[in-house]
Amino acid sequence: MDKKRTMIQYNADGKEMVVPVRGALSVTSKRARYTGFKQEKLILKKGSIRMKGNMPLPCDILFERDVPIALRDGVTIYTDIFRPVDDEPHPAIVALSPYGKEIGSQWLDDVPSFIGVKKSATSGLQKFEGPDPAYWVKHGYAIINPDVRGAYNSEGIILFFGSDYGRDGADIIEWTAKQSWSNGKVGMSGNSWLAISQWFVAAQHPKHLAAFAPWEGLNDCYREVATRGGVMMPEFIKMLTDSFASTEDGGVEDCISMMWKYPTMNDYWRDKAADLETITTPAYIVASYTNAIHTYGSLEGYRRISSKEKWLRIHNTGEWDDYYNPDHVEDLRKFFDKYLKGIDNGWENTPKVRLSVLNPGKTDIVDRAEEDFPIPRTQYKKLYLNADNNSLQESLPTKECSNSYDSDSKNRKVSYRMKMTEDTEIIGYIKLRIWVQALDHDDMDLEVSFEKLNKRGRHFCLNPMNRIVAKGYIRASLRELDTVRSTEENPYQAFEHEQKLKQNEIVPLDILIWPMGMKFQKDEYLQITVSAYKTKKVWKGPFKLKMAKISIPEEGYTYMPKSKVKMMTLGGGDMSEIAPDGENVELPKDHNHGRHVIYTGGKYDSYLYVPIIPNK
């Protein structure tokens with residue numbers, strides 16, 4: 001595949017942008033787990049199963065496979081449709097992603113223990129991270145599972161969000177509303193990529209989008225996934241786009257090349273942020289404090305959209321087990337019943353904000369009702385760093401001190417802590433201001449970790465690979481703030497141009513730490529750690545992935561348990577299998593070299609700005 005291929009995209013104002021394209025996996029590769037192109041209409045019978053171990057279907061389902069949809073520019077994509085077997089009009093829920101209409105390159109079977117989701121809890125008809133058709137069809141909904149532009153057998157190039165991606169989604173919404181079986185009301189649901197999609201589609205204001213429910217999804221690709229604080233983080237995007245499959249004429253938008261070409265803000269990156277303030281559609285938004293990709297965008301989405309009818313729930317578990325939790329599925333149906341079916345069910349009396357407060361070592365608080373987020377009664381407090389004894393304290397140290405480390409060494413960090421004198425809740429946006437100097441270089445990339453330690457000073461962990469922390473990052477040369485959008489607790493970097501560090505220059509950095517909700521017991525510790533960030537060669541997530549083998553029936557889509565049917569096996573290949581031109585993708589590197597110095601006390605007012613929540 002020619003690495004120099006390009007495509008034309010159009011931003012929100014219709015301006016043309018030339019964007020590079022790279023190859024994707026072949027649809028015939030084992031990793032793609034493609035079941036093939038087959039246009040058919042079937043009745044999936046009640047009691048039948050898609051795969052061994054999955055939930056039997058609770059009702060008959062009318063299944064239409066590989067239905068063509070013509071987008072506004074003539075490109076044809078293909079969707080699967082699951083709907084009730086009757087002649088009544090029904091609302092629809094759309095789930096947008098490039099992972100495959102079914103199974104595809106990512107699947108819950110690939111993660112240990114299905115990451116908390118019991119196999120028997122779903123029918124296996126759902127696309128990855130999408131709503132389960134078995135449940136929704138039983139309750140009178142149609143599920144629309146498209147392969148987006150460029151994915152699998154759909155024509156075109158796979159897009160990494162932006163205005164054109166949102167326009168595609170709007171086209172799909174409007175096509176759905178025009179179908180003979182539709183009641184004209186369309187919603188959107190799904191987690192992660194499927195949630196991100198919803199922000200960009202809702203920002204296009206499709207007429208028939210009646211409600212949407214983003215379950216943990218970022219909405220600014222530059223600030224939340226390509227970079228954090230200007231620190232380039234290409235490894236997750238590389239891992240994700242390496243898993244996409246397309247036809248020989250297709251491919252995937254090469255946003256890693258765009259990271260190289262445009263490391264600061266421009267029309268391309270501005271178009272990768274959804275225009276949240278214009279969104280007025282009813283929304284049920286779900287977030288958590290521990291998602292390294294989606295926490296900030298989910299909470300900013302709730303805070304910034306203009307919808308008068310919007311709800312937020314912050315959970316304390318994982319994105320997938322929360323999404324498929326039966327109680328939460330019922331909760332979501334109540335929301336959709338209100339806005340897609342017009343049922344007067346009292347949903348409007350649901351608390352606008354239900355949040356969790358993490359309490360490692362004790363019991364988390366879950367679904368506590370609050371008036372808004374951030375919590376209106378928040379009292380912010382400055383905790384000053386003291387390099388003399390590596391502490392945090394409530395008054396500015398009078399003595400000027402410093403800590404230093406070698407950013408090229410293994411021990412490239414310094415921590416500051418304080419023992420809590422009383423039980424304390426910290427919930428909301430957090431900021432660290434520090435004065436720094438790079439002795440041997442003209443830039444630095446920093447990573448900041450905010451966490452709770454037990455009374456013995458030990459870390460709390462979600463699992464052996466993951467501590468419970470809130471993170472912040474910054475590239476010193478991109479420290480300039482957007483003074484209009486920034487607040488004390490939520491600094492907003494402009495990213496318009498670089499300001500390289502001069503020799504002997506000591507500068508303040510205002511570092512956004514993504515929101516956290518944490519309960520500290522008396523005598524536990526609050527710790528903040530500043531370290532030199534190092535670019536990873538590959539993305540290392542919270543668990544190890546293994547390409548599962550999936551057995552499904554060759555014909556009929558589902559089958560009755562214990563019946564003898566001919567099966568086909570998908571997957572079982574190498575999880576690292578990628579398109580040939582993805583092997584030589586060079587990733588942007590960090591900007592660290594030599595010694596870093598952190599200054600505190602006196603004229604160097606380095607401090608942690610924390611949101612304290614008083615009792616009601």
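Is phenylalanine 161 buried or exposed? Phenylalanine 161 counts as buried, at 2% relative accessibility (buried means under 20% relative accessible area, exposed over 50%, partly exposed in between, with a 1.4 Å probe and protein chains only). The model is predicted: local features need pLDDT of at least 70 and side-chain atom pairs count only at pLDDT 80 or more, while totals for chains, interfaces and linings use all residues. Residues are numbered from 1 along each chain as its sequence is written, and side-chain values use heavy atoms, leaving out hydrogens and water.

**View 1. Two loop residues with positive phi.** Phenylalanine 161 sits in the loop between E8 and H2, and its phi is near 65°, a positive value in a residue other than glycine. (Helices, H or I with at least four residues, and strands, E with at least two, are DSSP runs numbered from the N terminus.) Glutamate 216 lies in the loop between E10 and helix H4 (221–226). Phi of glutamate 216 is also positive, near 65°. Glutamate 216 counts as buried, at 0% relative accessibility.

**View 2. The open sheet of 11 strands.** Its strand order is E4-E5-E6-E8-E7-E9-E10-E15-E16-E17-E18, and the pairing is mixed (two strands pair if DSSP finds at least two bridges between them). Strand E4 (40–44) and strand E18 (365–370) are the edge strands, each pairing on one side only. From one strand to the next, the twist averages 20° (axes are lines fitted to C-alpha atoms, for helices over the stretch in contact, and angles run from 0 to 180 degrees between N-to-C directions). E4 and strand E5 (residues 61–70) run antiparallel and are joined by 5 bridges. Leucine 44 has isoleucine 61 in E5 as its bridge partner.

**View 3. Strand E9 and its surroundings.** Of the 10 residues of E9, 8 are buried, so the strand is largely enclosed by the rest of the structure. E9 pairs with E7 in the parallel sense over 4 bridges; histidine 90 has serine 182 in E9 as its bridge partner. E9 also runs parallel to E10, with 6 bridges between them, and methionine 188 is the bridge partner of phenylalanine 212 in E10. Helix H3 (residues 193–202) lies across E9, E10 and strand E15 (283–288), at about 130° to E9. Together, E9, H3 and E10 make a right-handed β-α-β unit (right-handed if, with the strands pointing away from the viewer, the path from the first strand over the helix to the second runs clockwise).

**View 4. Histidine 596 in strand E32.** Strand E32 covers residues 595–600 and includes histidine 596. This histidine 596 is buried, with a relative accessible area of 1%. Its side chain makes a polar contact of 2.9 Å with that of tyrosine 405 and one of 3.4 Å with that of asparagine 592 (a polar contact is a pair of N or O atoms within 3.5 Å; within protein, one must be able to donate a hydrogen and the other to accept it, and residues adjacent in sequence count only if both atoms are side-chain atoms).

**View 5. A cis peptide bond.** The bond from phenylalanine 373 to proline 374 is cis, with omega near 0°. Proline 374 is placed in the loop between E18 and strand E19 (379–386).

Note on methods
Contact = heavy atoms within 4.5 Å.
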